[in-house]
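Take a look at the model first.

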Number of protein chains: 2
Amino acid sequence: MTRPTRASDPGGIVQRAPTLAHGVRLKIRTGEWKSHTSGLADRHVQGNVVILPLSEAGDFLRFCQRNPKACPVLAVSEPGAFDLPGLGADIDIRSDVPAYRVWYDGELAQECHDVTALWRDDFVTFVLGCSFSFEQALLDDGIALRHVEQGLNVAMFRTSIQTERAGMFHGPMVVTMRPMTPAHAIRAIQITSRFPGVHGAPVHIGDPGQIGIVDICKPDYGDPVNVLPGEIPVFWACGVTSQAALLQARPPVCITHAPGCMLVTDLLNHHLSTF
Amino acid sequence: MTRPTRASDPGGIVQRAPTLAHGVRLKIRTGEWKSHTSGLADRHVQGNVVILPLSEAGDFLRFCQRNPKACPVLAVSEPGAFDLPGLGADIDIRSDVPAYRVWYDGELAQECHDVTALWRDDFVTFVLGCSFSFEQALLDDGIALRHVEQGLNVAMFRTSIQTERAGMFHGPMVVTMRPMTPAHAIRAIQITSRFPGVHGAPVHIGDPGQIGIVDICKPDYGDPVNVLPGEIPVFWACGVTSQAALLQARPPVCITHAPGCMLVTDLLNHHLSTF
C-alpha cells in the first residue's frame with residue numbers, strides 16, 4: 001500500500017495519521033456512508049472534486065491557477081488515473097465521494113454514489129481546497145462562526161468581482177460571508193492568511209456594496225445569517241466560483257461532488273498552514 | 001569594536017549593514033544633526049527611547065510586557081549601561097538621540113541634545129519599536145499612506161481601550177489611524193502581523209466609536225487625515241501609549257526622545273519580520 005506524500009512534506013508528517021480518513025473513505029466506498037462529510041474524520045482536509053475530460057482540463061487548470069483564492073488546487077490527477085497519491089493512501093476517486101453529480105453540456109443529468117461505470121481514460125480529477133479547513137482553524141482559535149452555531153450552511157453571494165478568464169471558463173467570483181467583531185476579523189485574516197490552499201485571506205471586509213452585494217440578508221446560495229450591530233462582514237472567495245464557471249462553460253461532460261459530500265483526504269488541516 | 005548581534009540572528013544578517021546607521025549616529029553624537037530622524041538611514045529600524053531609574057524600570061518593563069502591541073520592547077539596557085549592543089555598534093544612548101526631553105515628576109523640565117551630564121548609574125534604557133518600520137513595509141508593498149503622501153504626522157487618538165496596569169503605569173491605549181481601501185486593509189493586516197516588534201497587527205478596524213473615538217476627523221495628537229468614501233479606518237496601537245502612561249505615573253525622573261527624534265539602530269526593518 002502506498003502512503004501519501006507531498007513535495008512540501010519532506011519529513012513525512014502526513015504519513016502519520018491516515019487511518020481515520022482511510023476508514024471513512026472505506027465506508028463511503030462500500031456504500032455504508034452516502035451523505036454529507038461535515039464532521040467526519042475531524043481535522044482532516046476535505047476537498048471539492050471536479051472531474052473533466054483532458055480536452056477541457058487544461059483550460060480549467062489555468063482558470064484555477066489564475067483564480068487561486070476561489071479555486072485553490074490541492075491536487076490534479078494524471079489523465080485517466082483514479083488515484084490521488086498526494087492526498088491519501090489508495091484513494092479511488094470513482095467511489096470515494098459519498099455523492100456525485102454528473103453534468104452534460106452544463107445540465108445536471110444524474111446524482112449517484114459511484115462513477116466507476118462512467119469512467120473514461122481521459123478524465124482528469126481536480127481536488128480544490130474547502131473552507132472547512134480554515135473554519136476549523138478559526139474555531140480552534142476561539143472565533144465563533146454564526147452559521148456553525150446555528151447549524152446553517154454558510155451564506156454565499158455572487159459578486160461584481162470578475163474572475164480571470166481562462167479559455168471557456170470565466171464568471172463572477174462567489175464569496176462566503178462570516179460576520180465577526182472587528183477583533184475577530186483581524187485575527188481571522190491572520191489565521192486564514194496562513195492557509196492559501198483553502199482560500200487564504202479574505203477578499204473583502206466591510207461594505208457589501210463595494211463588491212456588488214445589494215442585500216447582505218439575501219445570499220445567492222446557502223442560508224442567511226445576521227450581521228449584528230458592531231460586527232463587520234468578512235468575505236472569502238468560495239469554491240462555488242468554480243462550479244459557476246463550469247455551468248457557464250457547459251463542457252460536454254463534467255462530474256462534481258454533490259454539495260457537502262466532499263473527498264476526505266489523509267492530510268490534516270494544520271498541514272495546510274504555510275507558517 | 002563590537003558588532004550588533006541578536007539571539008534571533010544566528011546567521012549574522014544584522015552584521016552586514018551597520019555603516020549607514022553608524023554614520024548617522026556619529027553625526028548626531030557630534031551635534032552635526034539635531035533634528036527629526038524620519039528618512040535618515042532609510043530601511044534602518046528607528047526606536048522610541050525611554051530612560052528611567054532602576055526603581056521605576058521594573059514596573060515599566062512589566063507594563064510593556066503586558067501591553068506589547070502599544071509598547072513593543074526592542075531592547076533594554078543593563079542598569080547604568082549606556083550602550084545597547086543588541087541594537088547597534090558602539091551606541092551611546094547619552095548622545096546618540098538628536099533631541100531628548102527630561103521630565104521631573106511628570107513635568108517637562110528641559111529639552112537638550114545630550115544627557116551625558118545627567119547620567120546616573122541606576123538609569124535603565126528602553127528602546128521601543130516605532131511604526132516607521134511597518135510603514136516602510138506597507139509602502140514597499142504599494143500601499144499608499146495618506147499622511148505620508150500629504151507630509152503630515154499620522155493621526156493619533158486616545159481610545160477607550162485600557163492598557164493592562166503594571167505598578168504605577170496605566171492609562172488608555174493610544175492608536176494611530178490610517179485610512180485604506182478594504183483590499184489594502186487586508187494586506188496591511190497581513191504585513192503588519194509579521195512585525196510584532198513594531199506594533200504588529202491592528203487593534204481595530206472600522207467603526208471608530210467601538211473604541212471610544214468620537215470624531216475621526218479630530219485626532220488627539222498628530223494631524224487629521226480624511227477617510228474617503230469606500231475606505232475603512234485601520235487602527236494600530238501607538239508608542240504614545242507609553243508616554244501617556246509615563247506622564248500619568250509621574251516618576252521622579254524620566255528621559256525620553258523628543259517627538260520624531262528617534263534612535264537610529266543598525267537593525268534593518270525587514271529583520272523585524274517574524275516570517
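Q: Do the copies meet through the same surface or through different ones, and what percentage of the interface residues of chain B shows this?
A: The model is predicted. Interface residues of chain B are also interface residues in chain A, so the copies meet through the same surface. The share is 100%.

Q: What kind of axis relates chain B to chain A?
A: Chain B superposes on chain A with an RMSD of 0.0 Å. The rotation is 180°, and the shift along its axis is 0.0 Å. That is the relation of a two-fold axis.

Q: In chain B, which residue has the C-alpha nearest the axis?
A: The C-alpha in question lies 3.1 Å from the axis. It belongs to B:Gln190.

Q: Which element gives the most residues to the side of chain B that touches chain A?
A: 15 residues of chain B contact 15 residues of chain A. Helix H5 (182-193) and strand S8 (204-205) of chain B each give two or more residues to that side. The side divides into nine nonpolar, six polar and no charged residues. With six residues, the top contributor is H5(B).

Q: How are H3(A) and H5(A) oriented to each other?
A: The axes of helix H3 (residues 132-140) and helix H5 (residues 182-193) of chain A come within 10 Å. They cross at roughly 130°. The crossing is right-handed. An angle over 145 degrees would count as roughly antiparallel and 65 to 115 as roughly perpendicular, so H3(A) and H5(A) are oblique.

Q: How many residues of the contact of H3(A) with H5(A) are nonpolar?
A: A:Phe134, A:Ala137 and A:Leu138 in H3(A) meet A:Ala188, A:Ile191 and A:Thr192 in H5(A). One residue of this contact is polar and none is charged. The nonpolar residues number five.

Definitions and conventions:
Residues numbered from 1 in each chain as written. Chains lettered and ligands numbered in written order. Predicted model: local features only at pLDDT ≥ 70, side-chain atom pairs only at ≥ 80, totals over all residues. Least-squares fit on C-alpha atoms with pLDDT ≥ 70 in both. Contact = placed C-beta atoms within 7 Å. Axes fitted to C-alpha atoms, helices over the stretch in contact; angles between N-to-C directions. Helix = DSSP H or I, 4+ residues; strand = E, 2+ residues; numbered from the N terminus. Parallel < 35°, antiparallel > 145°, perpendicular 65-115°, else oblique. Left-handed = near helix turned anticlockwise from the far one by under 90°. Nonpolar A, V, L, I, M, F, W, Y, C, P; charged D, E, K, R; others polar.
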